[in-house]
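I opened the notebook to go through this structure. These entries record what I looked up.

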Amino acid sequence: MAIITHETEVLVIGGSAGGMYAALNAHAMGAKVLLISKALLGRGGCSATFGYIGGTHSKEKQIPQVIDLTDNKSFHDKIKYYGHYLADQEFAEKAWSYNETFYHRMEEMGLYIRRTDDGDVVTSGGFGYGPISAKLGTSGKGIMDIFRSQIFRRQIPYLEESSGVTLIRSGERVTGAIVFDYMKGTLHEIHAKSVILACGHVNWLWDRGTATREQAGNGLAMAFHAGAELAGIEQVWWHIADVANPKAWMRSHMYPNPIPMTSEVVEFYNSDGEMFFHGNMFRAAQPSYYLQCKALTRQIKAGKARPDGGYYASFGKIDPYNIREYSTVGRYMEKLGLDPKSDMIECAMTSHQQRGGVAIDHGMATRVEGLFISGSLAADFITGIITVAWEAETAARSAVNHARKVTLFKNGSAIREVERRFSKLLEAAPRNPIGPSAVKEQLRQLMGREMNYFKSGESIERAIEGLREIRNTMLPRMQISSKNLVSNYELLDAVDISDMLDVAELICIASRNRTESRGAFYRSDYPFVDNKNWLKNIHLSGNVSDPTIRLKDVNLKYVRPADERADFLTTEY
Ligand SMILES: Cc1cc2nc3c(=O)[nH]c(=O)nc-3n(C[C@H](O)[C@H](O)[C@H](O)COP(=O)(O)OP(=O)(O)OC[C@H]3O[C@@H](n4cnc5c(N)ncnc54)[C@H](O)[C@@H]3O)c2cc1C
């Protein structure tokens, strides 16, 4: 395979909000930057699809200031409802300070945010803390287009449709990465003083997920194998609001948040026609994904819905004009010939976002020298675009400062190892061959069956066993049909599978260890929130099959739950 070598100061891997904003910030600080994106810039992962900028706002641009958060209800709600009391509260406090900065900066960069004639930012009716309305509510695409054009304008070098495969280590330091350009079939050996990983969520591990195929866990796997700790990866947000059938439409989100500029919401009905959930039920908890799941669970237990369908989203109480103008769903329904006033859409549960990720300090540094994290890959338990942008700016600052202190180190052994791995994959000629996509599908179905929202010790064990069986019996049979290196998606799939297997197993191991339920994490054999023993994060490091497990107390500087133990299905967090 052709190998192209690069040298840079800051290497950023991940080409959406977290990656592009980190690259822009590092470049603005004068660093030499190289940006890698597995998909087209701003078009993979979840950033382009996100709808709303949440957060507080003011009419005038304000200088970020230290706010006393001791009695700040919005902040406390965020810790409770977003982070389920697992977020480091001093970290969250720092990210919070970005609320005032972010959308003013976005407006300056050209995002059209709706304002009233008096200059106030338009938000969902009546919500002090609520979605801010960009044109049509689909802020993600607008922000991605702005970031992308800024990357082009500033001539920051980038590689698109190129996937980070492994990090280069030199002793205890990360000193670069090997990247596979799967369209051209070339390998890139990139030596860097600092590396920022921004590979996003990993919900492609489940057969129902809001992910794109790039979200295969590469970021978690690369960081873990380089010696970083993963934290809280058992906390996976599911939601109830995606189309049940066909599966290909499952990203068509029947968003339960208020339609921007109104307080009108989608309602969910069970199979008996009874309404059981709507987005105004928990105003402080928007988006209330795990609360939807609890509400649905009660219906399932009563035999009035199923995880994979038998319940319905209704837009009947929303002004059709608002649906058409301020949501993406309106056009979608129109094209299907559905009438939002009378037709309901069958929904099913879907894996959506990780709360945990790679463990970081307040400067977005991992415990491995030279390795920094940006965006939803980080174990922050809060996420959302504003947090992502704060993390990106912070990671860029830390990475540039680190780069200024160290010399470039070039270790050539990683590229030889990747070459050997790729040759082995390409040359494999087993007797009963199967394609990489079949292996991936098996893994995703297994995770969907055993590691969905409804888990127990037994299903977790079955998942671990199933993953090991895939590793032992299916991987040796894997064959790539085309040896042509150009646009070889099968080769990319084959490379992704080992990361997917590793990350899936680590998620199972973390889940096995958390003997309670909390937030997004539900174990039917431990159906209670255990604040006495579990205001802790599970950190994993070392080997995949037998990782070192470290329990870390959460930093509860501002707010802690009132109860010691609570019934999971009725408690609010
Ligand atoms: C469907 C969905 C909707 C959401 N809606 C909202 C919303 O309305 N408002 C909000 O504030 N937040 C929302 N979020 C939360 C979201 O996490 C953040 O807002 C933000 O968009 C995440 O950005 P990111 O860059 O961290 O991740 P992503 O946008 O997922 O980007 C990850 C990037 O990394 C790339 N990548 C992955 N692996 C590799 C590799 N090996 N090598 C190179 N590149 C790689 C991917 O191609 C992608 O470009 C949503 C999340 C999801 C999943």
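**Val12 and the core**

I started with Val12, which touches Gly19, Ala22, Ala23, Val33, Leu35, Ile36, Ile196 and Ala198, leaving out residues up to four places away in sequence. I note here that the model is predicted. Next I looked up the largest nonpolar core, which has 130 residues. Val12 is among those with the most contacts inside this core, together with Val10, Leu197 and Val358. Which helix gives the most to this core? I found helix 14, residues 489-513, with 14 residues. Another core lies apart from it and has 41 residues, including Val243, Ala295, Leu296 and Val529. As background, I wrote down that nonpolar side chains tend to be buried together in soluble globular proteins.

**Whole protein**

I then stepped back to the overall fold. I counted 14 helices and 18 strands in the protein. The radius of gyration is 23 Å, close to the 25 Å that the globule rule gives for 573 residues, so the protein is as compact as a globular protein of that length. The C-alpha atoms fill a box of roughly 60 × 55 × 50 Å along the principal axes. I checked burial as well: 54% of the 573 residues count as buried. For contacts with a separation of 6 or more, residues 24 or more positions apart account for 72%.

I went back to Val33 and Leu35. These two point one way from strand 2 (residues 33-36), while Leu34 and Ile36 point the other way. Are these four residues buried or exposed? All are buried.

I looked up the partners of strand 2. Strand 1 (residues 3-13) runs parallel to strand 2 and is joined to it by four bridges. Ile13 has Ile36 as its bridge partner in strand 2. Strand 3 (residues 158-159) pairs with strand 2 over two bridges, again in the parallel sense. Ile36 stands opposite Leu159 in strand 3.

**Ala31**

Ala31 lies in the loop between helix 1 and strand 2. Why does Ala31 count as buried? Ala31 counts as buried because it has 20 C-beta neighbours inside 10 Å, and 20 or more is the cut-off. Ala31 is in contact with Glu9, Val10, Ala26, Val400 and Ala403, leaving aside neighbours within four places in sequence. I also took one distance: the C-alpha atoms of Ala31 and Ala228 are separated by 24 Å, with the two residues 197 apart along the chain.

**Ligand shell**

I turned to the residues around the ligand. There are 39 of them, and Gly44, Gly45, Phe50, Gly200 and Gly375 come nearest. By class, I noted 12 nonpolar, 25 polar and two charged residues in this shell. Which helix supplies the largest share of the shell? That is helix 1, with three residues. At least two shell residues each come from helix 1 (17-28), strand 4 (162-170), helix 6 (218-225), strand 12 (344-354) and helix 10 (385-405).

Glu161 has one, near 45°. Glu161 lies in the loop between strand 3 and strand 4. Glu161 is buried, with 20 other C-beta atoms within 10 Å.

Thr383 is not a glycine either, and its phi is positive at about 50°. I placed Thr383 in the loop between strand 14 (371-373) and helix 10. Thr383 counts as buried, because it has 22 C-beta neighbours inside 10 Å.

I also looked for a cis peptide bond. The bond from Asn245 to Pro246 is cis, with omega near -10°. Pro246 sits in the loop between strand 8 (236-243) and strand 9 (267-269).

**Helix 2**

My last entry is helix 2, residues 73-82. Here I found Phe75, Lys78, Ile79, Tyr81 and Tyr82 buried. Which helix do the buried residues of helix 2 pack against? They pack against helix 3 (89-96). For the spacing I noted that an α-helix has 3.6 residues a turn, so residues three or four places apart point the same way. His84 follows helix 2, and its phi is positive, near 50°.

Note on methods:
Residues numbered from 1 in each chain as written. Predicted model: local features only at pLDDT ≥ 70, side-chain atom pairs only at ≥ 80, totals over all residues. Rg over C-alpha atoms; globule rule 2.2 N^0.38 Å. Buried ≥ 20, exposed ≤ 12 C-beta atoms within 10 Å, placed from the backbone. Contact = placed C-beta atoms within 7 Å. Core = buried A, V, L, I, M, F, W, Y, C linked by C-beta atoms within 7 Å. Pairing = 2+ DSSP bridges. Near = placed C-beta within 6 Å. Nonpolar A, V, L, I, M, F, W, Y, C, P; charged D, E, K, R; others polar.
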